[in-house]
Amino acid sequence: MNTAYGVTAVVLVVLAAVLIGAFGIRLSRTTSDFYVASRTVSPLWNASAIGGEYLSAASFLGIAGLILAYGADMLWLPVGWTGGYLVLLVLVSAPLRRSGAYTLPDFAEARLESMAVRRLAGVLVVLIGWLYLMPQFQSAGLVLAAITGAPEWAGGLLVAAVVAVNVMSGGMRSITFVQAFQYWLKLTALAVPLVFLLLAWRAGGAPGLSAGDAATWALPLSSGKEYGLYSTYSLILATFLGTMGLPHVLVRFYTNPEGRAARRTTLVVLSLLGAFYLLPAIYGALGRIYAPELSGSDMVVLTLPGRLVGGVAGDLLTALVTAGAFAAFLSTSSGLTVSVAGVIGQDILRGGVRSFRVAALLAVTAPLALATSARSLPVADVVGLAFAVAASSFCPLLVLGIWWRRLTSTGAMAGLVVGGGLACGAVLTTIAGGPYTGLAGALLAQPAAWTVPVAFAVMVVVSLLTPGRIPAGVARTMVRLHTPETLDLDRGDWRPRSP
């Protein structure tokens, strides 16, 4: 593609993020503004912001690359990432908003009345956030290197710097405006070029898949991968249940005015994600026809406009896709940074705006260092591992904490340690030395199918064995979680610590 067009696209996206974030700075005055935008974000605005941060590099680039390589099996990724919000809607969104918490560790402390559970939850928030941030920075480096020839570390550094400035300046209030804008930019950046790609495909005779692809690639569970059935079901479990455990997703529900708005937000999110996820699958299918040599690469979305359209029009469309890719890096990284900074700022640096700003800098520094030193894996694979960790730790904590009054602090601790520890071990082993073959390789690459049931079982069994550790105020807490705000009940029994 034309390098000047690509650089211009990146510069415009970065400038837009900074200028829109600067508008949010004018409205950020209090500590609550920085952490949860003073809980005043409307459902449509919040849903757009959630779409902005949820549709990461894995959604924008990774899904198309995996579908190109492995075919129909990978369609479970967008289905699971969208369906996870349905589970979130039914089980978690409104009670979580009613809890009055600012962060997941806040919820853990409120429900279980235990500082030990709070600290462990904080550690897991940071680990999941960093695991999710690392591929965003790596992908940003690959894209910037592809369009400008810059070193691969430069793209990650650029994204980290812009995110740190926005988050440190205006916190949640600032990035809400930025992420909402970036969702619509990402949707446009995939939809407009796709129209021209389909026109070029039709003009070229609408070629189809080869006979071999039609028999394998286009059919589920026929790609010949080892333990394909297990991997598919484990992937479904991780994506469906992992969504509710992602810190940067859950923190957005704390910004709604009340529980009913949180539910409406989730419904709108389902519509926005469904519209977006139709697009990467088509890119993957076209890539299988026109760019099969890119199998295993995340660059098919950036390559197709120049290959099918060509000329100045192809360069302009590639620049638009590049702008969308950088919007994905920036928006997801912003949400992750806020969630990680919220935990570090409250639980390590003792809260306040100044602590939040220092924590935001710490939140981007560690994953940036990991991104420059760790080997690069397909972005959707790494994000899928983050979902597995979330599903194996926070999913049991939230479901049982909200719906089962007999959950004890000891049971929650044991489940978080065992489930989260096993999933983290599998993830780190896969990233450090994988991929592995055989049954062990499948279990490590897709751990959710065994780590999630283990986490639930440990929480339940240990809780039943330690009835004396049921929190004293559990009855009042459960009433608060499940009573609509319109009843205006007295809630003076617990408040989250002031951030």
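User: Hi! Which residue forms a salt bridge with Glu109, and how far apart are the closest N and O atoms?
Analyst: Hi! Glu109 pairs with Arg118, and the closest N and O atoms are 2.6 Å apart. A salt bridge here is a side-chain nitrogen of Lys or Arg within 4 Å of a carboxyl oxygen of Asp or Glu. Before we go on: this is a predicted model, where local features need pLDDT of at least 70 and side-chain atom pairs count only at pLDDT 80 or more, while totals for chains, interfaces and linings use all residues. Residues are numbered from 1 along each chain as its sequence is written, and side-chain values use heavy atoms, with hydrogens and water left out.

User: Thanks. Is Glu109 buried or exposed?
Analyst: Glu109 is buried, with a relative accessible area of 17%. Buried means under 20% relative accessible area, exposed means over 50%, and partly exposed is in between (1.4 Å probe, protein chains only). Arg118 is buried as well, at 0%.

User: Which residues make up the salt-bridge network there?
Analyst: Asp106, Glu109 and Arg118 are linked in it. The side chains of Arg118 and Asp106 meet at 2.7 Å, N to O. Arg118 sits in helix 8 (residues 115-148) and Asp106 in helix 7 (residues 104-112), so this pair ties together parts that are 12 residues apart in sequence. Helices (H or I, at least four residues) and strands (E, at least two) are DSSP runs, numbered from the N terminus. Asp106 is buried, as is Arg118.

User: How many salt bridges does the structure hold?
Analyst: There are 3. One of them joins Arg307 to Glu293, with the closest N and O atoms 2.5 Å apart. That pair links distant parts of the chain: Arg307 is in helix 14 (residues 300-308), and Glu293 is in the loop between helix 13 (259-290) and helix 14, 14 residues apart. Arg307 counts as partly exposed, at 41% relative accessibility.

User: Switching topic: how do helix 4 and helix 17 pack?
Analyst: Helix 4 (residues 57-70) and helix 17 (residues 379-403) pack at about 120°, and their axes are 8 Å apart. Axes are lines fitted to C-alpha atoms, for helices over the stretch in contact, and angles run from 0 to 180 degrees between N-to-C directions. The two helices are therefore oblique to each other; angles under 35 degrees count as roughly parallel, over 145 as roughly antiparallel, 65 to 115 as roughly perpendicular and the rest as oblique.

User: Which residues meet there?
Analyst: Ala57, Ala58, Gly62, Ile63 and Leu66 of helix 4 meet Val379, Ala380, Asp381 and Val383 of helix 17. They divide into 7 nonpolar, 1 polar and 1 charged. Ala, Val, Leu, Ile, Met, Phe, Trp, Tyr, Cys and Pro count as nonpolar, Asp, Glu, Lys and Arg as charged, and the others, Gly among them, as polar. Contact means heavy atoms within 4.5 Å.

User: And helix 3: how many of its residues are buried?
Analyst: 10 of its 12 residues are buried, including Pro43, Asn46, Ile50 and Tyr54.

User: What about Asn166, where does that lie?
Analyst: Asn166 lies in helix 9 (residues 152-203) and is buried, at 3% relative accessible area. The C-alpha atoms of Asn166 and Ala22 are 7.5 Å apart, although these residues are separated by 144 residues along the chain.

User: Last one: how many helices and strands are in the chain?
Analyst: The chain has 21 helices and 0 strands. Of its 499 residues, 59% are buried.
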